[in-house]
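Subject: Handover of a protein structure

Dear colleague,

I am writing to hand over the structure that you will be working with. Please find the sequence and the model below, followed by an account of what was found.

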Amino acid sequence: MIVIDKKRFDELFRIIEGLHKYSVLSWQVNRKKELYRLIIKEATDLMNTKMGSLMLYNKDKDRLEIVAARGLSRKVIETTSLKPGEGVAGLVFKRRHSIFCEDIEKDPRFKKKNRVKYYSKSFVSVPLIAGDKAIGVLNVNNKRSRKPFKIEEMKVLRVIADEAAMTIQNQSLLKRLEDAYIDTIQTLAKLLDERIPATRGHSWRVANLTMRLGRRLGIGGKDLIILRDAALIHDIGKIGIPDRILLKPAKLNSKERKAVEKHPSVGMDVIGRAEFFNRFVPIVAFHHEWYNGKGYPMGLSGNRIPLGARIVAVCDAWDAMVSKRPYRDAMKRKDAVKELLDGSGTQFDPFIVKEFLKMIK
Ligand SMILES: [Fe+2]
């Protein structure tokens, strides 16, 4: 039997709290493509050009690929891929210094076979350097005025490239922090699951169903992630229930049931310790409320029960029914469907039951 380690919980809470501010931040710049588009827009606007591209180095493929572009055909974007040292951008990347060309046709540095098809006339190509690593290349071509670029303009592009490299690097750092946050929430869920071997995997399955159902009901983006994470730890209050009750391989008597029914309130206390967890309160606290107001702990009814809690209630009940328990076999799917339908409008939100059943059909 695995006994829950309170110290471990505290440690995880601290980590999550610390990661909080970063994960919130990263939501703002999480959309990589938007960031790349912004960089190329800024660069081409400032340089007054109609064509440009941002290429990043793909380590796995050992190639530079276009991640955002302006004025280039889709075909060029999709098919351009250069090895370090290949083409102008490849050279810029490998040698880590900018290349400035007034007219490629007249420039002896570029033989025809070594040219990338969209390069024409004047261009500036600068490396993106983050720390001591080259991470990509920023290219701008053909000024709107058709005049060649000036040295000063190349310096401006250098500044944009440095800023872009820094932003891209920060973004990947934030992504790593966010991954660490997700890992920590998942560890918390795993600790819970391991404590109750009879329901192993329950949190994960509920989180999975909840996410699918939430998406189906039109929840997306950040809200969907909060919903999933809340579903993962919805039973966190069970850490306060003694093992003899929690692990009892038989049906509970009424006193024991009362102790178990405290887990939403205990959960609320537990997550109240960390401000970051406030977002999970609606689900942790109210996933055992009934649609008709006869649930616990508050006796909320109808739409007063937070939507996330109504969704988790259905997914939680479903997984509990179709999983095997020490004192009973898993219920057959058709019987579990019947149970859900019987509880529709009393225990569960009828609309959510309807959508859930359509989803698992
Ligand atoms: Fe629960």
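Please keep in mind that the model is predicted.

The protein chain has 14 helices and six strands. It consists of 361 residues, of which 48% count as buried. When contacts between residues at least 6 apart in sequence are considered, 62% of them join residues at least 24 apart.

Further salt bridges

Side chains of opposite charge can pair when their charged atoms come close. The count of salt bridges in this model comes to 14. One of them links Arg-63 to Glu-86, with 3.9 Å between the closest N and O atoms. Arg-63 is in strand 2 (residues 63-70), and Glu-86 is in the loop between strand 3 (81-82) and helix 4 (87-95), so parts 23 residues apart in sequence are tied together by this pair. Are these two residues buried, partly exposed or exposed? Arg-63 has a relative accessible area of 25% and is therefore partly exposed. Glu-86 is also partly exposed, because its relative accessibility is 34%. Another salt bridge joins the side chains of Lys-61 and Glu-65, at 3.1 Å from N to O.

The packing of helix 6 and helix 7

Two packed helices are described by the angle between their axes and the distance between the axes. For helix 6 (residues 202-216) and helix 7 (residues 221-232), the angle is about 155° and the axes are 8 Å apart. Helix 6 is therefore roughly antiparallel to helix 7, since an angle over 145 degrees counts as roughly antiparallel. The crossing of helix 6 with helix 7 is right-handed.

Which residues make the contact? On the side of helix 6 they are Ser-203, Trp-204, Val-206, Ala-207, Thr-210, Met-211, Gly-214 and Arg-215, and on the side of helix 7 they are Leu-224, Leu-227, Arg-228, Ala-231 and Leu-232. Eight residues of this contact are nonpolar, three are polar and two are charged.

Arg-228, which is located in helix 7, may be examined individually. Its relative accessible area is 18%, so Arg-228 is buried, the limit for that term being under 20%. Beyond its neighbours within four places in sequence, Arg-228 is in contact with Ile-182, Ala-207 and Met-211.

A residue in a loop

Met-298 is found in the loop between helix 11 (281-286) and helix 12 (307-322). With a relative accessible area of 56%, Met-298 is exposed, because the term applies over 50%. Apart from residues up to four places away in sequence, Met-298 touches Phe-286 and Glu-289. How far apart in space are Met-298 and His-288, which are ten residues apart in sequence? From C-alpha to C-alpha, the distance between Met-298 and His-288 is 9.3 Å.

A colleague

Note on methods. Residues are numbered from 1 along each chain as its sequence is written. This is a predicted model: local features need pLDDT of at least 70, side-chain atom pairs count only at pLDDT 80 or more; totals for chains, interfaces and linings use all residues. Side-chain values use heavy atoms; hydrogens and water are left out. Helices (H or I, at least four residues) and strands (E, at least two) are DSSP runs, numbered from the N terminus. Buried means under 20% relative accessible area, exposed over 50%, partly exposed in between (1.4 Å probe, protein chains only). Contact means heavy atoms within 4.5 Å. Axes are lines fitted to C-alpha atoms, for helices over the stretch in contact, and angles run from 0 to 180 degrees between N-to-C directions. Angles under 35 degrees count as roughly parallel, over 145 as roughly antiparallel, 65 to 115 as roughly perpendicular and the rest as oblique. A crossing is left-handed if the near helix is turned anticlockwise from the far one by less than a right angle, and right-handed if clockwise. Ala, Val, Leu, Ile, Met, Phe, Trp, Tyr, Cys and Pro count as nonpolar, Asp, Glu, Lys and Arg as charged, and the others, Gly among them, as polar. A salt bridge is a side-chain nitrogen of Lys or Arg within 4 Å of a carboxyl oxygen of Asp or Glu.
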